[in-house]
Amino acid sequence: MLTIEGLKKGYEGNEILKGISIDVNKGDVISIIGPSGSGKTTLLRTITTLEAADGGHITFAGVDKDFEKLNGKDINTIRRNVGFVFQNYNLFNNKTALQNITEGLIVARKVKKSEAEKIALDALERVGLSDRKNHYPSQLSGGQQQRVGIARAIALNPEVIFFDEPTSALDPELVGEVLKVMQDLANSGTTMVVVTHQMSFARDVSNRVIFMADGHIVEQGDPKKIFENPSEERTKKFLTDILANV
Amino acid sequence: MSLNTDFMVKVAQTAIQGVPVTLQIVLVALLISLPIGVLFALIRIYRIKGLELIVKFYVSLVRGTPIIAQILIVYSAFPSLLNMMIGKAAFSINPIYYAYIVFTLNSIATLTEVFRSALQTVDKGQMEAGLMVGMQPRQAFWRIILPQALISALPNIANATLYLIKNSSLAFIMSVKDITAIAKTEAAFNYNFLEAYLVVWVYYLIICYGAEIIFNLLERYFSKYRRSAKRTTGFNWNPFSIKQPKLVVKTDLAESERTNNAHN
Ligand SMILES: Nc1ncnc2c1ncn2[C@@H]1O[C@H](COP(=O)(O)OP(=O)(O)O)[C@@H](O)[C@H]1O
Ligand SMILES: [Mg+2]
């Protein structure tokens with residue numbers, strides 16, 4: 001459904017992504033793990049066209065092109081078929097929880113307002129926040145804001161939703177409620193690509209784990225295999241270090 | 001020294017005719033310079049080639065010169081310029097148009113800087129979130145970025161407006177019949193300068209105060225989404241309720257605490 005081949009990206013001569021290839025199938029829940037600075041955020045941002053890639057090929061939603069050759073129309077197509085959940089939520093501060101969700105539907109998808117509100121309420125229901133629909137982001141806890149962020153993404157019914165460390169900015173006691181919502185999404189068949197430091201999520205919820213380091217995919221595969229019997233020394237070391245810290 | 005109160009009432013009555021003139025100058029200058037200020041701010045933020053330099057130059061030109069010099073230049077340059085274009089009719093133009101020009105040009109520079117910093121306070125994640133729900137950059141700008149920038153700019157817009165109101169009193173130099181000009185004329189006839197100027201003083205005070213109230217209401221209304229603005233920075237603009245927070249000083253407790261701490 002989504003295929004990335006040889007994706008490259010650098011900043012000011014520093015090569016950050018050194019040729020990444022990923023295959024995402026419908027219903028996949030893929031966890032991307034790896035040390036900080038390894039290029040995970042950059043990877044999500046280049047795939048979703050928030051950042052221009054320097055090289056590589058994308059096959060997705062009818063677009064089948066090299067990244068450099070994407071035109072405005074392709075970029076629109078890609079953006080309309082992905083959802084993005086940000087590390088720091090990025091809810092529209094001047095909109096209520098409900099409006100955060102209806103904005104995209106009304107403005108980008110041209111859905112009628114009443115219809116958009118119905119969809120938005122459904123989405124809020126799914127993340128357990130229908131009673132907060134008229135709250136502004138500043139009136140919500142971090143966990144609630146992130147759940148609205150997730151509702152905003154699912155309401156648009158994208159082919160795949162990207163999550164960039166969705167729980168990293170949260171106080172520890174709020175991580176659970178967000179992970180629970182993500183788990184429900186995964187169970188309902190939503191295609192998800194999740195950058196995470198939550199090893200429990202990677203191990204128990206996803207069907208594939210990708211370990212990234214230094215702009216490369218070092219190893220990927222079944223979570224059980226990666227966690228119990230990694231083939232690469234780097235993976236082993238990373239997992240030992242991170243699991244020692246929980 | 002005693003004040004001639006009868007004269008003050010008389011000046012108040014004639015000078016009130018200048019109030020609409022002052023308000024007109026302020027409103028025209030504001031309404032034109034607000035959108036242009038946003039535009040110029042965007043030119044600077046997005047570093048539009050060529051234009052950026054012009055805007056930068058313009059802003060420093062205005063900010064680096066006293067308004068009185070700007071007034072004198074516009075007032076001496078424009079009529080002769082117009083004279084070349086439309087002939088003698090140029091000299092029968094209502095001087096208030098020159099006031100519009102000067103104060104608009106001046107406000108544009110101020111507001112460009114106001115909007116530039118306000119737009120920069122909006123996190124770039126807001127735009128990215130807009131793009132990721134399928135909006136065009138333009139749509140995200142109008143619906144998400146600009147409203148937030150305007151609200152965070154409100155206190156500075158209010159400030160600029162107050163300066164504008166006060167600066168507009170210099171319009172008399174261009175023989176505009178505003179509050180100041182009328183009062184000056186009255187005073188010159190009767191040599192009661194202090195009385196006339198006290199009236200002027202009160203009028204400006206009232207106008208500025210009114211503007212402040214309007215801006216505070218706007219801020220309150222539009223900041224409803226900002227929790228902190230409601231609770232902590234709620235400026236009490238009503239001078240009739242100057243309440244000091246009651247300081248309950250429990251001296252004995254404070255004393256015992258101090259000794260406690262000393263023991264620790
Ligand atoms: N906008 C940018 N400009 C320059 N360097 C960047 C930028 N964004 C990320 N980087 C660099 O790219 C590298 C990878 O960053 P990132 O993708 O955020 O890693 P991760 O998400 O895995 O922690 C880091 O070294 C970071 O400093
Ligand atoms: Mg990151």
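Author: A residue is near a molecule if one of its heavy atoms lies within 4 Å of it. This is a predicted model, in which local features need pLDDT of at least 70 and side-chain atom pairs pLDDT 80 or more, while totals for chains, interfaces and linings use all residues. Residues are numbered from 1 along each chain as its sequence is written, chains are lettered from A and ligands numbered from 1 in the order written, and side-chain values use heavy atoms, without hydrogens and water.

Reader: Which residues surround ligand 1?

Author: Among them are A:Tyr11, A:Ile16, A:Pro35, A:Gly39, A:Lys40 and A:Thr42.

Reader: What makes the approach of A:Lys40 to ligand 1 a polar contact?

Author: A polar contact is a pair of N or O atoms within 3.5 Å; within protein, one must be able to donate a hydrogen and the other to accept it, and residues adjacent in sequence count only if both atoms are side-chain atoms. A polar side-chain atom of A:Lys40 lies 2.8 Å from an oxygen atom of ligand 1, so the pair counts. An N or O atom in the side chain of A:Thr42 is 2.5 Å from a ligand 1 oxygen atom, and for a backbone N or O atom of A:Gly39 the distance is 3.0 Å.

Reader: How do you know that A:Ile150 is in contact with A:Phe163?

Author: Contact means heavy atoms within 4.5 Å. Leaving aside neighbours within four places in sequence, A:Ile150 meets this with A:Phe163, and also with residues including A:Val85, A:Val127 and A:Leu185.
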